[in-house]
Each structure stands twice: as C-alpha cells, then as structure tokens.
Amino acid sequence: MSTLNEIVNNSATSIVDVRTVMEFQSGHVPGAINIPLDEVQNRLEEFKKLPKPIVVYCRSGARSGMAMSILKQSGINEVYNGGGLADMQFMLN
C-alpha cells in the first residue's frame, strides 16, 4: 500500500485545495485545483471525473477532513486527507 507521501508525489494524483478562493490565491500547492469546502457537496460530479486518487488539503487539515468525509459518503473512496498546506509542501519537497 502506498504511503500518503507517495500518493501526493504521484503525477496521476489530483490535488484539491478546499480553502477559500482568497486563501488559495495567497498561495497553494503547484497544480492544485481550488474547490472550497462549502462547494464540495455541489461539485461531486466534478470530483467523480477527476483522476484518482484525490488528495484534499486546507490550512490545518480540519476542512480537508470534512471534505474527505463528504466525498467518501458520496462513493468516492480513493480520497486522502493531505492535512494542511505546510504538510503538503513538506511532502512535495
């Protein structure tokens, strides 16, 4: 089984930043797409079309944990909580 670090560094992985648009604009992981937590439920079809696995992250890991729960409850199982932006940056370096 792959570690989160391997998943994050896999070029096939979709990385989704669930912070607000303003937070995203102030800095994000290269290649990440921004789908704020409050839009996740309404954009499930978009998530279903993304290449898997999907790693979600936010500022601390709390919102990405909520996003991961929403996605798993919607049948998207290949989703991982990448934690906060700093955690993601650490794994990518």
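1. Start with a charged pair. E46 and R43 form a salt bridge, and their closest N and O atoms are 2.8 Å apart. E46 is partly exposed, with a relative accessible area of 35%. R43 is partly exposed too, at 23%. Keep in mind that this is a predicted model.

2. R43 has another partner. Its side chain meets that of E39 in a salt bridge, at 2.5 Å from N to O. E39 has a relative accessible area of 29%, which makes E39 partly exposed.

3. How many salt bridges does a search of the whole structure find? The search finds 5. One of them joins E45 and K48, with the closest N and O atoms 3.6 Å apart. Both residues sit in helix α4, which covers residues 44-49. They are 3 residues apart there, so about one helical turn separates them. In general, an α-helix has 3.6 residues a turn, so residues three or four places apart point the same way. E45 is partly exposed, at 49% relative accessibility. K48 is partly exposed as well, with a relative accessible area of 40%.

4. Next, the loop between α4 and β3. P53 has its place here. Which kind of peptide bond joins K52 and P53? The bond is cis, and omega is about 0°.

5. Now the sheet. It is open and has 4 strands, in the order β2-β1-β3-β4. The pairing is parallel. Why is one side of β2 and of β4 left without a neighbour in the sheet? Both strands, β2 (33-34) and β4 (79-84), stand at the edges and have a single partner strand each, so one side of each has no neighbour in the sheet.

6. Look at one strand pair in detail. Strand β1 covers residues 14-17 and pairs with β2 in the parallel sense. There are 2 bridges between these strands. V16 stands opposite I33, which belongs to β2.

7. Helix α5, residues 62-73, touches β3 (54-58) and β4. The direction of α5 makes about 170° with that of β4. Helix α6, residues 85-92, also packs on the sheet, where α6 touches β1, β3 and β4. The direction of α6 makes about 105° with that of β4.

8. Stay with α6. Which residues of α6 are buried? L85, M88 and M91 are. Seen down the axis of α6, its buried residues fall within an arc of 130°, so they line one face of the helix. These buried residues pack against α1 (4-8), β1, β3 and β4. On the other side of α6, A86 and F90 are exposed.

9. To check your reading, trace two things.

How values were computed: Residues numbered from 1 in each chain as written. Predicted model: local features only at pLDDT ≥ 70, side-chain atom pairs only at ≥ 80, totals over all residues. Heavy atoms only, no water. Pairing = 2+ DSSP bridges. Contact = heavy atoms within 4.5 Å. Axes fitted to C-alpha atoms, helices over the stretch in contact; angles between N-to-C directions. Salt bridge = Lys/Arg side-chain N within 4 Å of Asp/Glu carboxyl O. Buried < 20%, exposed > 50% of the residue type's maximum accessible area, 1.4 Å probe, protein only. Arc of directions from axis to C-beta.
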